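Dear colleague,

Please find below the structure that I am handing over to you. My notes on what was found in it follow directly after.

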Amino acid sequence: GFLALELGVPIIPAYIHGTYEALPKGKIFHRRHPIQVAFGKPIHINTYLNQQEEVSNRQIYKQIIDDVRYAIERLQNQYIQE
């Protein structure tokens, strides 16, 4: 959130599926397993930039984090339902 706001660049949410199966927790060697990546729509920073005079940057960073988390959860839910 900090970098996106300071640089004025959009955030592209991404959900990565299959990494746990490819390298389970505690294992040293990976297994052959397909990994899939789903990308969401860009989250543009303009909306947050317009709020800078109204609220603190800390609140804006938190809102960006919440919005990105929500976008990734939507991607995950879409992947699970398919």
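In these notes, a helix is a DSSP run of H or I with at least four residues, and helices are numbered from the N terminus. Please bear in mind that this is a predicted model.

I begin with the salt bridges. A search of the whole structure finds two of them. In one, the side chains of Lys62 and Asp66 meet, at 3.1 Å from N to O. These two residues are four apart in helix 4, so about one helical turn separates them. In the other, Asp66 pairs with Arg69, and their closest N and O atoms are 3.6 Å apart. Because Asp66 and Arg69 are three residues apart in helix 4, they too are separated by about one helical turn.

The largest nonpolar core has 11 residues, including Leu5, Ile43, Tyr48 and Ile60. Helix 1 (2–7) and helix 4 (57–81) each supply at least two residues of this core, and the largest share, five residues, comes from helix 4. Leaving aside residues up to four places away in sequence, Ile60 touches Leu5, Tyr48, Gln51, Gln52 and Val55.

Finally, the surface carries a nonpolar patch formed by Ile12, Ile16, Ile35, Val37 and Phe39, with about 490 Å² of accessible area together. Ile12 lies in the loop between helix 1 and strand 1 (14–17) and is partly exposed, with a relative accessible area of 45%.

Yours sincerely

How values were computed: Residues are numbered from 1 along each chain as its sequence is written. This is a predicted model: local features need pLDDT of at least 70, side-chain atom pairs count only at pLDDT 80 or more; totals for chains, interfaces and linings use all residues. Side-chain values use heavy atoms; hydrogens and water are left out. A nonpolar core is a set of buried Ala, Val, Leu, Ile, Met, Phe, Trp, Tyr and Cys residues joined through side-chain atoms within 4.5 Å. Buried means under 20% relative accessible area, exposed over 50%, partly exposed in between (1.4 Å probe, protein chains only). Contact means heavy atoms within 4.5 Å. Patches are made of residues with over 30% relative accessible area and no salt bridge: like charges are joined within 9 Å, nonpolar side chains (Val, Leu, Ile, Met, Phe, Trp, Tyr) within 5 Å. Accessible areas come from the Shrake-Rupley method with a 1.4 Å probe; for residues, only the protein chains shown count as cover. A salt bridge is a side-chain nitrogen of Lys or Arg within 4 Å of a carboxyl oxygen of Asp or Glu.
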